[in-house]
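Subject: Structure handover

Hello,

Here is the structure for you to look over. My notes on what turned up in it follow below.

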Amino acid sequence: MCTPTFPEGPQLRAALDGIPAYRPGRPAAGADSYKLSSNENPYPPLPGVLERAVAAAGAMNRYPDMACSALFAELADHFGVPVGHIATGTGSVGVAQQLLQATAGPGDEVIYAWRSFEAYPIITQIAGATSVQVPLTADEEHDLDAMADAVTERTRLIFVCNPNNPTGVAIRRAELERFLARVPARVLVVLDEAYREFVDDPEVPDGLGLYRAYPNVCVLRTFSKAYGLAGLRVGFCVAQEPVAAALRKTAVPFGVSQVAQDAAVASLRSGPQLLERVAALVEERRRVHAELTAQGWTVPVSQGNFHWLRLGDATVEFAEACAAAGVTVRPFPGEGVRVTVGEREADDLLLKVAGEFRGRTAG
C-alpha cells in the first residue's frame with residue numbers, strides 16, 4: 001500500500017505571504033528618555049477612571065459582558081445614536097479589521113490614501129482583498145477625486161483617515177461631501193476619526209453628521225488617544241444597523257475586557273476634564289508647529305496630536321539623532337517622521353534636535 005505524502009508543516013493561506021509587519025513606535029530608551037513615537041496621551045487616566053478600572057480588575061476571574069451593555073448605552077447617550085448602531089472592538093484597528101471581514105474578500109478591492117494608517121494594507125491583505133492605494137497630493141492631502149475615480153465594480157470599502165495618520169492633514173466638509181456624493185451607495189465609506197477630539201478647524205466635519213446623511217458611511221473612534229486608554233484596547237464604530245450588526249457578528253467573543261469597558265464608561269463621564277486636556281495638547285501642538293516652522297521646516301497643519309516631517313532619505317538619520325538625544329519618534333524610512341505632541345519637556349528636546357539637524361542639513 002502506498003503511503004500518502006504531505007507537505008512539511010501545516011498549510012497556511014497564501015494571502016498571508018508578504019504581509020508587511022506592523023511597526024509599533026519604539027519605546028523610550030531609558031528613564032530619562034521620552035516616547036513620541038506612538039501618538040499616546042502623555043496624561044494619566046482621567047479622574048475616576050483608574051478607580052473604576054481597578055474595581056473591574058477585581059473580578060478578572062469572570063468573563064466580561066460580551067454585549068458591552070453599559071458601554072453601548074453610554075455611547076448611545078453620549079453621541080445621540082441608537083444602541084443598535086454601535087459596535088465595539090479591540091481599538092479602532094480591531095473594528096477596522098471586523099469591517100473588512102464583513103465586507104471584503106478575495107477579488108474585492110479596498111481603497112485608501114497612501115501614505116495613511118499603516119494597518120490598512122495589513123488588514124486588507126489578511127482579508128484576502130486587494131489594496132488600491134491612491135497617493136497623497138503634494139500638500140499631503142487626500143486626493144479625493146482620484147479616490148473616487150478609483151472605484152470599480154469590485155470596490156467594497158474605502159478608508160478615509162480624517163485627520164490623516166501620519167500627516168495630520170484633515171479633510172474639510174465641502175470636499176468630503178463632494179466625494180461622498182460620487183461614491184456608489186453599495187460601497188462602505190469608513191471615516192477613521194481616531195484623532196477627532198483634537199480637531200479645532202470648524203470646517204472639518206464631525207463624521208457622525210455624515211453618517212446620518214449618508215447610509216453607506218460609518219465612523220470609527222477610539223479611546224486610545226484623547227481619552228488615554230491606549231493600553232486597554234477599546235474602540236467603537238457608529239454605523240447604520242445592518243453594518244453595525246455585521247460588526248457585532250465578526251467581533252472576537254469577549255474581546256473587549258471588563259476593565260476596558262468600565263474605564264471607557266468612566267472616561268465618557270469625565271467630559272470637562274477631557275476638554276481641558278485636549279485644549280492643553282492642542283495649544284502645545286500649535287507651539288511645536290510654530291517653533292518648527294520658525295526653524296525652517298515645512299510642516300503640514302496638523303489636526304491630530306502629532307506632526308509630520310517629510311524628510312525623504314534623511315528620515316532614519318533624523319530618527320537616530322532624536323534617539324541619541326533621548327526622544328523616540330516614528331520613522332517611515334524614505335518618507336518622513338511622525339512626532340507625537342507630548343510633555344513640554346519632551347517637545348522641547350525634540351525641538352532642540354530638530355533645530356540642530358536643520359542647521360546641519362539646510363542648504
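In this predicted model, the charged end of Arg358 sits over the ring of Trp297, 5.5 Å from the ring centre.

Next, rings against rings. The count comes to 13 aromatic pairs. Take Tyr195 and Phe306. Their ring centres are 5.0 Å apart and their planes stand at 70 degrees; over 60 counts as edge-to-face, so this pair is edge-to-face. The pair links distant parts of the chain, 111 residues apart. Tyr195 is in the loop between strand E6 (188–192) and helix H7 (207–213), while Phe306 is in strand E9 (residues 306–310). Are these two residues buried or exposed? Tyr195 has 4% relative accessibility, so it counts as buried. Phe306 has 0%, so it counts as buried too.

Phe223 and Phe236 form another pair. Here the centres are 5.6 Å apart and the planes are at 50 degrees, so the pair is tilted. Phe223 lies in the loop between strand E7 (217–222) and strand E8 (235–238), and Phe236 lies in E8 itself, so the pair ties together parts 13 residues apart in sequence. Both Phe223 and Phe236 are buried.

There is also a cluster. Ring pairs link Tyr112, Trp114, Phe117, Tyr120 and Phe159.

Trp114 comes up again in the backbone. The peptide bond from Trp114 to Arg115 is cis, with omega near 10 degrees. Arg115 is in the loop between strand E3 (109–114) and helix H4 (119–126). Asn162 and Pro163 are also joined by a cis peptide bond, with omega about 0 degrees. Pro163 lies in the loop between strand E5 (155–161) and helix H6 (173–182).

Why flag these bonds, and the phi values below? Because most peptide bonds are trans, and most residues other than glycine have a negative phi.

Which residues have a positive phi without being glycine? Cys68 is one, with phi of about 50 degrees. Its place is in the loop between helix H1 (49–57) and H2. Cys68 has a relative accessible area of 4%, so it is buried. Glu140 is another, with phi of about 70 degrees. Glu140 is found in the loop between strand E4 (130–135) and helix H5 (144–149). Its relative accessible area is 8%, so Glu140 is buried.

Now the helix packing. Helix H2 (residues 69–79) and helix H9 (residues 258–268) have their axes 9 Å apart, at an angle of about 25 degrees. Angles under 35 degrees count as roughly parallel, so H2 and H9 are roughly parallel to each other. Their crossing is left-handed. On the H2 side, Ala70, Leu71, Glu74, Leu75 and His78 make the contact; they meet Gln261, Ala264, Val265 and Leu268 in H9.

Helix H11 (residues 315–325) and helix H12 (residues 344–361) cross at roughly 135 degrees, and their axes come within 10 Å. That makes H11 oblique to H12. The crossing of H11 and H12 is right-handed. H11 contributes Glu317, Phe318, Ala321, Cys322 and Ala325 to the contact. H12 contributes Leu349, Leu350, Val353, Ala354, Phe357 and Arg360.

One last residue. Arg286 lies in helix H10 (residues 271–294). Arg286 has 41% relative accessibility, so it counts as partly exposed. Its C-alpha atom is separated by 8.8 Å from that of Ser302, 16 residues apart along the chain.

Best regards

Note on methods:
Residues numbered from 1 in each chain as written. Predicted model: local features only at pLDDT ≥ 70, side-chain atom pairs only at ≥ 80, totals over all residues. Heavy atoms only, no water. Phe/Tyr/Trp six-rings, centres within 6.5 Å; stacked < 30°, edge-to-face > 60°. Helix = DSSP H or I, 4+ residues; strand = E, 2+ residues; numbered from the N terminus. Buried < 20%, exposed > 50% of the residue type's maximum accessible area, 1.4 Å probe, protein only. Lys NZ or Arg CZ within 6 Å of the ring centre and 35° of its normal. Axes fitted to C-alpha atoms, helices over the stretch in contact; angles between N-to-C directions. Parallel < 35°, antiparallel > 145°, perpendicular 65-115°, else oblique. Left-handed = near helix turned anticlockwise from the far one by under 90°. Contact = heavy atoms within 4.5 Å.
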